[in-house]
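Thanks for coming, everyone. I would like to walk you through one model this morning, so please take a moment with the sequence and the picture before I go on.

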Amino acid sequence: MSGAPLKADPQRARDQAGERQVVEVAVGVLVCDAGEGRQAFLMTSRPEGKVYAGYWEFPGGKLEQGESVTEALVRELDEELGVRATEVQPWRSLQVDYPHALVNLNFCKVLAWQGELAMREGQRFAWQDLPTRVAPILPGALPVLEWLQAEGGFERA
Ligand SMILES: Nc1nc2c([nH]c(=O)n2[C@@H]2O[C@H](COP(=O)(O)OP(=O)(O)OP(=O)(O)O)[C@@H](O)[C@H]2O)c(=O)[nH]1
């Protein structure tokens with residue numbers, strides 16, 4: 001998506017002045033059938049020791065050298081959740097200017113996977129519909145909720 005980055009916590013100072021490298025991140029919105037024509041999506045909490053620990057987000061992480069978004073996402077979902085994603089659909093992207101980094105979030109929908117969810121980093125997880133019940137939500141995850149709202153099908157009965 002083009003346009004100015006979303007500025008998270010604008011009152012806080014940025015780590016470096018001037019040009020900052022953009023960090024590419026792969027993020028997965030796991031979608032499951034919640035019955036009666038509705039869908040749910042998975043949110044996880046950021047583990048202790050990471051920036052914004054305890055905030056709710058979508059699973060994923062930074063691309064490693066030479067990786068595509070899909071490759072990085074498949075690796076991250078294995079590392080964090082213990083599942084093998086088998087249907088990954090690139091969806092939207094968004095730049096976020098955080099105090100700690102400038103990130104380009106490459107969101108994908110994950111429509112199928114193999115294996116049972118296992119929180120391998122001690123994170124919490126929650127299947128959510130709209131409006132969400134978890135808090136606080138990471139600034140860079142909030143726009144996803146608006147996109148899902150606009151698409152429809154995720155509202156609670
Ligand atoms: N996973 C994930 N990261 C997000 C989301 N929204 C968002 O702004 N981010 C940002 O994207 C970056 C992802 O970094 P991370 O720390 O989770 O990635 P990682 O697992 O590779 O971290 P590591 O360096 O500790 O191994 C963070 O700056 C995080 O704040 C989201 O919904 N999910």
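Predicted model: local features only at pLDDT ≥ 70, side-chain atom pairs only at ≥ 80, totals over all residues.

Looking at the chain as a whole, we find two helices and eight strands, and from the N terminus on they follow the order β-β-β-β-β-α-β-β-β-α.

As for overall dimensions, the C-alpha atoms fill a box of roughly 50 × 35 × 30 Å along the principal axes. The radius of gyration is 15 Å, which agrees with the value near 15 Å that a compact globule of 157 residues would have. Of those 157 residues, 29% are buried, and among contacts with a separation of 6 or more, 69% are between residues 24 or more positions apart.

Let me turn now to the ligand. Which residues come nearest to it, of the 19 around it? They are Glu 57, Gly 60, Gly 61, Lys 62 and Gly 140. Three strands, namely β2 (22-35), β5 (60-62) and β7 (102-114), each supply at least two residues of the shell around the ligand, and the largest share, three residues, comes from β5. Sorted by class, that shell has 13 nonpolar residues, along with three polar and three charged ones.

Note on methods
Residues numbered from 1 in each chain as written. Near = placed C-beta within 6 Å. Helix = DSSP H or I, 4+ residues; strand = E, 2+ residues; numbered from the N terminus. Nonpolar A, V, L, I, M, F, W, Y, C, P; charged D, E, K, R; others polar. Rg over C-alpha atoms; globule rule 2.2 N^0.38 Å. Buried ≥ 20, exposed ≤ 12 C-beta atoms within 10 Å, placed from the backbone. Contact = placed C-beta atoms within 7 Å.
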